[in-house]
Amino acid sequence: MSLTFTLDPAVTPELRDGLLDLWVDVTNAGGAVGFVAPATAEDIRPELVRSLARLAQGHSRLVVGHDEEGRVAATAFLTFNTHRLMGHWLWLYTVMVHPKHQGLGHGRDLLAAAADAARGIDGIEAIRLGCRGGLGLERFYASCGYREVGRVPDAIRVAPGEYRDDVTMLLTLR
């Protein structure tokens, strides 16, 4: 089963609900997407609303992957850097592939779609993303062309006394 990727789809109630369901499912499967399991839709909804507001204001772009049945199966937000000296790169946030679609190459496809979208934005030369250390994400992103450019030890607290490194990865597009 392949996914169909779309840049900047119309934000309909179906898309909004699909994004929320995806975020909850990914979080509760152990995904490092800003929350720690167990999480509910009500926990995540305020962050989704903020993400969609940035999209509506033109501060972000959205890449969505739909499965063959039309359900939201993958997503990533490309967010512009507002600093005048750093406008040549953007952030990649909330990179998610539904657990039932993982291990099939869809993560690589999502990152490729995001890179293609970024290449189509005038003046963008690189993508940065942050990931939670200790989960093997650095190896995955490195296998997709990203390189580790920074690490802050124990910057993410996932539970009392339980910390993860905050790892910064970079993909040069030029």
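**Side-chain contacts in the predicted model**

Y141 and Y146 are both buried. In this predicted model, five pairings between aromatic rings are of interest as a group, the count being 5 aromatic pairs. Elsewhere, a single aromatic cluster is formed by W89, W91 and Y93. The ring of W89 also receives the charged end of R128, which sits over the ring at 4.3 Å from its centre.

Salt bridges number 13 in the model. Among them is the contact between R16 and D17, whose closest N and O atoms are 3.2 Å apart. R16 counts as partly exposed because its relative accessibility is 36%, and D17 likewise counts as partly exposed, at 33% relative accessibility. A further salt bridge brings together the side chains of E47 and R54, with an N to O distance of 3.8 Å. E47 has a relative accessible area of 24% and is therefore partly exposed; for R54, the relative accessibility is 28%, so that this residue also counts as partly exposed.

R174 and E125 form another salt bridge, in which the closest N and O atoms are separated by 3.1 Å. This pair links distant parts of the chain, 49 residues apart: R174 belongs to the segment after β7 (162-172), whereas E125 lies in the loop between α3 (106-119) and β5. R174 counts as exposed because its relative accessibility reaches 76%, while E125 is partly exposed, with a relative accessible area of 32%.

G134 is located in the loop between β5 (126-132) and α4 (137-143). With a relative accessibility of 69%, G134 counts as exposed.

The number of disulfides is 0. C131 takes part in no disulfide, and the nearest cysteine sulfur, that of C144, is 12 Å away. For C144, the closest cysteine sulfur is in C131, and the separation of 12 Å is too far for a bond, since a disulfide requires the sulfur atoms to be within 2.5 Å. C131 counts as buried because its relative accessibility is 5%.

How values were computed:
Residues numbered from 1 in each chain as written. Predicted model: local features only at pLDDT ≥ 70, side-chain atom pairs only at ≥ 80, totals over all residues. Heavy atoms only, no water. Buried < 20%, exposed > 50% of the residue type's maximum accessible area, 1.4 Å probe, protein only. Helix = DSSP H or I, 4+ residues; strand = E, 2+ residues; numbered from the N terminus. Phe/Tyr/Trp six-rings, centres within 6.5 Å; stacked < 30°, edge-to-face > 60°. Lys NZ or Arg CZ within 6 Å of the ring centre and 35° of its normal. Salt bridge = Lys/Arg side-chain N within 4 Å of Asp/Glu carboxyl O.
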